[in-house]
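Morning, everyone. Please have a look at the structure on the screen, and I'll walk you through it.

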Amino acid sequence: MCTLQQRGSVFVLTLTGDGEHRLGHALISSLRSAVASAAEAAAKAGPGAALVTVGEGRFFSNGLDIGWAGTSRARLSELVAALRPLAADLLALPMPTVAAVTGHASAGGCLLALCHDYRVMRGDRGVLYMSEVDIGLPLPPYFMAVLRAKITAANALRDVALRGKKVRAAEGKEMGIVDAVYPSADETAAEAFKLAEQLAARKWDGGVYASIRMSMYPEACRSVGIVEESDEEKRKHFASKL
């Protein structure tokens, strides 16, 4: 399903195999366990860590496991609910995160990429695609909150959410969704790792980093169930770091 490898200060989370990396209960659980393991290991090691997520094969992730859900709206709702805490894990993770989008990232897979701080993408193949409008499914509220947080240009958000635009890498960079584009999957994964190394080398305090990220995207964080600190808690946290 997925593997977690620590390479120096960088944790590499790989969705393994040549399949579509559909987000069913087993894969979501495996991803959550890997993210938690990275957070635990980083906490023991001290400041300076980063996470890279990469998918093997043609897909980064092709979204929720609709094959398992079938025509059952109840099963689909189960998967939507199961993905929400994974989004929370990434948005609250006390280290920088980089998605190496080496293949198609559709619907829930696109959301997974957007929950990372940075996205680098291969230019020769693959799209970012929110398919819900095309297949007749409403966007879950937390999906929309994350889209609003991470796609800040109004026209870009409209095209992704309301037009079902399949965004290739170069266009994603122009729209501000993708940070860098590389020619192939291997180069994309390698450059994502280099970026993660550079970020980890800054040796930022993980708790401070996560706090700043959560304050940048308060609506998205609330939508995935992250409890916001009170003003008093924020003051105490700030004072403790002085």
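**Overall fold**

So, what do we have? The protein contains twelve helices and nine strands. Its radius of gyration is 17 Å, close to the 18 Å that the globule rule gives for 242 residues, so the protein is as compact as a globular protein of that length. Keep in mind that this is a predicted model.

Some overall numbers. Along the principal axes, the C-alpha atoms fill a box of roughly 50 × 40 × 35 Å. Of the 242 residues, 49% count as buried. Take the contacts with a separation of 6 or more: 73% of them come from residues 24 or more positions apart. The accessible surface is about 11300 Å², and carbon and sulfur atoms own 53% of that. Now the charges. There are 28 positive and 26 negative ones, and their mean positions lie 2 Å apart.

Strand E1 covers residues 2–7, and six bridges join E1 to E2 in the antiparallel sense. The two form a hairpin with two residues between them. Look at the turn: glycine 8 has a positive phi of about 70 degrees.

Next, E2 and E3. Strand E2, residues 10–15, pairs with E3 over six bridges, this time in the parallel sense. Quick reminder: strands of a sheet pair through backbone hydrogen bonds, either parallel or antiparallel.

Pick out leucine 13 in E2. Which residue of E2 is the bridge partner of leucine 4? That is leucine 13. In E3, the bridge partner of leucine 13 is threonine 53.

How covered is E2? Six of its six residues are buried, so E2 is largely enclosed by the rest of the structure. In a regular strand the side chains alternate between the two faces of the sheet. In E2, Val10, Val12 and Thr14 sit on one side, with Phe11, Leu13 and Leu15 on the other, and all are buried.

E3 next. This strand, residues 50–55, is mostly covered, with six of six residues buried. Ala50, Val52 and Val54 point one way. Leu51, Thr53 and Gly55 point the other way.

Zoom in on E6, residues 104–106. Two bridges join E6 to E8. Alanine 105 has leucine 128 in E8 as its bridge partner.

**Helix H6**

Now a helix. H6 runs over residues 141–150, and eight of its ten residues are buried, so H6 is largely enclosed by the rest of the structure. The buried residues are Tyr142, Phe143, Met144, Ala145, Val146, Leu147, Ala149 and Lys150. Notice the lysine at the end of that list.

What covers the buried residues of H6? The cover includes helices H3 (73–91), H4 (108–114), H5 (132–135), H7 (154–161) and H11 (218–223). Strand E7 (118–122) is also part of that cover.

**Arginine 213**

Here is a charged residue to look at. Arginine 213 lies in helix H10, residues 206–216. Is arginine 213 buried or exposed? At 3% relative accessibility, arginine 213 counts as buried; the cut-off is under 20%.

Leave aside residues up to four places away in sequence. Arginine 213 then touches Leu90, Leu91, Ala92, Leu93, Met95, Pro96, Thr97 and Asp117.

**Two positive phi angles**

Last stop: the backbone. Alanine 107 has a positive phi of about 50 degrees although it is not a glycine. Its place is in the loop between E6 and H4. Alanine 107 is buried, with a relative accessible area of 11%.

Lysine 203 also has a positive phi of about 50 degrees, and it is not a glycine either. Find lysine 203 in the loop between helix H9 (185–200) and H10. Lysine 203 counts as exposed, at 53% relative accessibility.

Methods:
Residues are numbered from 1 along each chain as its sequence is written. This is a predicted model: local features need pLDDT of at least 70, side-chain atom pairs count only at pLDDT 80 or more; totals for chains, interfaces and linings use all residues. Side-chain values use heavy atoms; hydrogens and water are left out. Helices (H or I, at least four residues) and strands (E, at least two) are DSSP runs, numbered from the N terminus. The radius of gyration is taken over C-alpha atoms; the globule rule is 2.2 Å times the number of residues to the power 0.38. Buried means under 20% relative accessible area, exposed over 50%, partly exposed in between (1.4 Å probe, protein chains only). Contact means heavy atoms within 4.5 Å. Accessible areas come from the Shrake-Rupley method with a 1.4 Å probe; for residues, only the protein chains shown count as cover. Lys and Arg count as positive and Asp and Glu as negative; His and the chain ends are not counted. The place of a charge is taken as NZ of Lys, CZ of Arg, CG of Asp or CD of Glu. Two strands pair if DSSP finds at least two bridges between them.
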